[in-house]
Amino acid sequence: MAGLSQKISREVEIIPRDVSFEVATKQVPRYWFNDDPWSTHWMNALFSVVPVGERFICHTFADQLKKIKDPSIHKATLGLIRQERLHAREHAVMNETLSGFGVPLEDAEAILGKVLDVFKKYMSDETKLGFAAISEHFTASLSEVMFDNLELWDETELEIAAMMYWHFVEETEHKSVAFDVLMDRRSDDSDLGTYALRMATAGLSMGLFLPLIHGIWLYFVWKDGQLTNVRSAFKSFKSLIFGAAVVPKMFLTKTLPYIKPSFHPWDIDNRAHVAAWKTVYEETGDPLLAFTALREWHAKHGSYKPTIKQAATV
């Protein structure tokens, strides 16, 4: 499996797509995700850490470029850095829009920024690579879950959904790069030592960022005066925890394979899930048309069952 996964990793081309989304306040409903306060603030919590987190990833890998031995991994790393810079830029614009609704994203960004500053100051390069590898695994896992649950976005403005699936496609495209860089940098070290580093950084990351994200979520809900909105809380738990089970899958079932000593991100080969998006985008340069093509593919080949609102367009 490892040999096949590494072969896939070398075959996947990392293409930075300079897409600008016109997301203005007048286009974005206050409760833009799932038409629900609690669900929206869960996504807002994720959004709040994206620009700072993506910049940390860029700095981490920019520092490693001269040390990477494998030319194909070096090329892929350049592609990852360019993609993540664009992700940080577009999410910063989206976050500015959300701040217009009074969502205190700057508070969350400040907290994460301080945590990552500690990482930069005190952690070794390889430890930071370990954190980057598990972070990229989390984002790839979230992307995979979202490909399997497109119906969650049926009540979201098309421009926002298209932006998110542009991001999910590119996170899938480069999902092995951080892991490959870590393994390349530790190629002269023992397998046991590398595995111990992976597990230590994964455990610390889970223990730190899982409570942080969900603490930010509850903070946003509280600041919005929605803490006692039981109906909204139930709706969000139904979709995020129990129905689509985004949270358990992202942080548990999709993360468990990372524990395997022989793990590689492309052990799960989901290239077909993003192929329709990539094909249409290459033909048109339009992320909205690419997102529509992605929905059509998943409606025919996957588990996507569009709501009445979206069925007419699929």
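Reader: How many aromatic pairs does the count come to?

Author: The count comes to 22 aromatic pairs. To pair, rings of Phe, Tyr and Trp (its six-membered ring) need centres within 6.5 Å; planes under 30 degrees apart are stacked, over 60 edge-to-face, and the rest tilted. A word on the source: this is a predicted model, where local features need pLDDT of at least 70 and side-chain atom pairs count only at pLDDT 80 or more, while totals for chains, interfaces and linings use all residues. Numbering runs from 1 along each chain as its sequence is written, and side-chain values use heavy atoms, with hydrogens and water left out.

Reader: Why is the pair of W32 and W153 called tilted?

Author: The ring centres of W32 and W153 are 6.4 Å apart and their planes sit at 35 degrees, so the pair is tilted.

Reader: What makes W32 and W153 tie together parts apart in sequence?

Author: W32 is in the loop between α1 (2–11) and α2 (37–62), and W153 is in the loop between α5 (125–148) and α6 (158–173), so the pair ties together parts 121 residues apart in sequence. Helices here are DSSP runs (H or I, at least four residues), strands are E runs of at least two, and numbering starts at the N terminus.

Reader: Which kind of pair do Y165 and F291 form?

Author: Y165 and F291 form a tilted pair, with 5.1 Å centre to centre and 35 degrees between the planes. Y165 belongs to helix α6 and F291 to helix α12 (residues 287–301), so this pair ties together parts 126 residues apart in sequence.

Reader: Why does Y165 count as buried?

Author: Buried means under 20% relative accessible area, exposed over 50%, and partly exposed in between (1.4 Å probe, protein chains only). Y165 has 0% relative accessibility, so Y165 counts as buried. F291, at 2%, counts as buried too, and both W32 and W153 are buried.

Reader: Which residues do ring pairs link into a cluster?

Author: The cluster takes in W32, F33, F47, F147, W153, Y165, F168 and F291.

Reader: Zooming out, what makes the protein chain as compact as a globular protein of that length?

Author: The protein chain has 13 helices and zero strands. Its radius of gyration (over C-alpha atoms) is 19 Å, close to the 20 Å from the globule rule for 314 residues, so the chain is as compact as a globular protein of that length. That rule is 2.2 Å times the number of residues to the power 0.38. Buried residues make up 54% of the 314 residues.
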